[in-house]
Amino acid sequence: MNIYRHRLLTSLRTLPSPRGWVFCLAVSAATLALMMVIGFVTGLYRLQPTEPGLALRMLVAFFVPALGEEIPFRGVLTPGPNDSVRPRLEIALSTSLYTLWHVFEAVTFLPAAAPIFLRPDFLLCCAVLGLGCAVMKRRTGSIWPAVILHWALVVIWQTWLGGVSALS
């Protein structure tokens with residue numbers, strides 16, 4: 001249990017180096033591109049006019065889901081640099097659990113989200129996002145690039161790509 005507490009506290013206290021931020025920007029761009037291809041090809045995403053309530057959505061999305069999901073899945077379960085003898089296994093596990101978390105949400109306390117959260121294309125996008133966030137955490141030791149990416153993609157999805165209307 002001590003290793004997980006150490007991982008979390010270290011990931012919260014650590015900021016990437018300038019070179020680490022550049023790496024995270026590249027991973028974020030690749031993650032966004034792959035998610036866009038998946039979402040637009042399958043019809044999961046559709047461009048729409050800006051949903052009202054952007055400021056509140058931005059605030060809420062920072063805490064739930066971005067920070068709230070990044071803490072356990074990347075801050076605790078994903079190893080930092082030189083933090084594990086089996087980092088690929090731990091990254092695969094954290095990414096799989098993160099993806100399955102959305103299934104759990106859909107069948108328990110967010111049943112209104114089930115039509116979206118149980119779609120294979122949505123779950124594939126979750127896996128892509130989870131993997132991108134895990135790779136950034138592993139390389140930099142920081143949770144913050146993952147939180148920022150997760151937050152930005154949720155806000156974009158909910159505001160301009162049909163996420164709010166799909167969930168209501």
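**Overall fold and the setting of Arg7**

In the protein, which is presented here as a predicted model, residues 24 or more positions apart account for 81% of the contacts with a separation of 6 or more. The secondary structure comes to eight helices and zero strands, so that the elements, read from the N terminus on, run α-α-α-α-α-α-α-α. The radius of gyration of the protein is 16 Å, close to the 15 Å that the globule rule gives for 168 residues, and the protein is therefore as compact as a globular protein of that length. Taken along the principal axes, the box filled by the C-alpha atoms is roughly 45 × 35 × 30 Å.

Of the 168 residues, 45% count as buried. The accessible surface of the protein comes to about 8800 Å², and 75% of this surface belongs to carbon and sulfur atoms.

One residue may be described in more detail. Arg7 is found in helix α1, which covers residues 2-13, and Arg7 counts as buried because its relative accessibility is 3%, whereas the cut-off for a buried residue is under 20%. When residues up to four places away in sequence are not counted, Arg7 touches Gly75, Val76, Leu77, Thr78, Pro79, Asp83, Ser84, Glu90 and Lys137. With Val76, one of these residues, there is also a polar contact, in which a polar atom of the side chain of Arg7 lies 3.4 Å from the backbone oxygen of Val76.

Notes: Residues numbered from 1 in each chain as written. Predicted model: local features only at pLDDT ≥ 70, side-chain atom pairs only at ≥ 80, totals over all residues. Heavy atoms only, no water. Helix = DSSP H or I, 4+ residues; strand = E, 2+ residues; numbered from the N terminus. Rg over C-alpha atoms; globule rule 2.2 N^0.38 Å. Buried < 20%, exposed > 50% of the residue type's maximum accessible area, 1.4 Å probe, protein only. Contact = heavy atoms within 4.5 Å. Areas by Shrake-Rupley, 256 points an atom, 1.4 Å probe, with all protein chains shown as cover. Polar contact = N/O pair within 3.5 Å; in protein donor to acceptor, adjacent residues only side chain to side chain.
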